[in-house]
Amino acid sequence: MNSLKHEIALFGCWLVLMLATMATVYWSTHAATLTLQVVAILLIALFKSGVIIDGFMELWHAESKWRLIMYGWPVLMALVIGVTLLTK
Amino acid sequence: MSTSAKTDPAPAGQPRLTGDLAMWIFILAELTAFTLFILGFSFTQWLKPELFVEGRAQLDSSTGWAMTAGLLTSGFLAALAVERVRKDRAQQAGALLIGAIASGMVYVVLKVQEYGHLARAGFDVEYNTFFTLYWITTAFHFLHVLLGLAVLGFLCLRCWQKAYGPANHTGMESGILYWHMIDLVWVIIFPLVYLLG
């Protein structure tokens, strides 16, 4: 990937992150049920985490063990948050 | 910042870990610390859901959105700065880092305003369990933002001194990785504290 393409890709990451953040705020007030709200917002948070990890932190070209560790953190956090919100 | 003075480019197609290995270890340690705060917040919310709904109602999600936008824009400008250093344009990278610091300051100003508003309204750290966890969790992140801004300022100075270039930018990459870690943590904390439930 040449440098210009990489800078365009970074801009794309930023744009997607901003749109996803707007979607997060939208779902916080417009979801019909708590389950829908929690699932939608946490899935968006996971997507945003992936964009930061692979796009900004450039782990897309790292060894898979590093990607697994870094992706594991937001997945674990989302699971804990989701389970604690939806099981009581 | 870096344990190696020169950047060793990996052969094309070979896996490459951006920045210094020591910074990644540090990032994992930081994520572990933030995990404890997020677990504490989540499990207490599980025990006292009504209290958290009431507490969250005192927070402004649009301010949270603006803080998020400031941090993410800052992360984008910092990532661009790394790319410019790789192209041997250190002074352009320095200018981008000034933009990243300014954007990060949006978060700082809004957070300080929010803290002031909540404190004046009586929602201080002792008000109830929600606000105790709110203050502790967000203040821990806020301190990391301040440290990250100091790191960006240092990197900016080094860029103006042309200390980084195509063959020597591991230290720059490592410092910027720390800033992205702060973004990553906020992406989880923002919905947990401001939006969910």
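A search of the whole predicted model finds one cavity of 30 Å³ or more. A cavity here is a set of points on a 1 Å grid over the protein atoms alone where a 1.4 Å probe fits but cannot get out. This is a predicted model, in which local features need pLDDT of at least 70 and side-chain atom pairs count only at pLDDT 80 or more, while totals for chains, interfaces and linings use all residues. Residues are numbered from 1 along each chain as its sequence is written, and side-chain values use heavy atoms, without hydrogens and water.

**Cavity**
- The largest cavity has a volume of about 70 Å³, a volume being the space filled by probe spheres set on the points.
- Its lining residues (an atom within 4 Å of a point) include Phe56(A), Glu58(A), Arg86(B) and His180(B).
- The largest share of this lining, four residues, comes from α6(B).

**Contact between chains A and B**
- The contact (heavy atoms within 4.5 Å) takes 42 residues from chain A and 48 residues from chain B.
- About 4,100 Å² is buried between the two chains, and carbon and sulfur atoms give 76% of that area; buried area is the accessible area (1.4 Å probe) lost on putting two parts together, summed over both.
- In chain A, Met57(A), Trp66(A) and Trp73(A) lose the most area to chain B, together 17% of what that side buries.

**Salt bridges**
- Three salt bridges (a side-chain nitrogen of Lys or Arg within 4 Å of a carboxyl oxygen of Asp or Glu) cross the interface.
- Arg86(B) pairs with Glu58(A) in a salt bridge, with the closest N and O atoms 2.8 Å apart.

How values were computed:
Chains lettered and ligands numbered in written order. 1 Å grid on protein atoms, 1.4 Å probe; cavity = no way out; pocket = protein on both sides within 12 Å on 5 of 7 lines; lining within 4 Å. Helix = DSSP H or I, 4+ residues; strand = E, 2+ residues; numbered from the N terminus.
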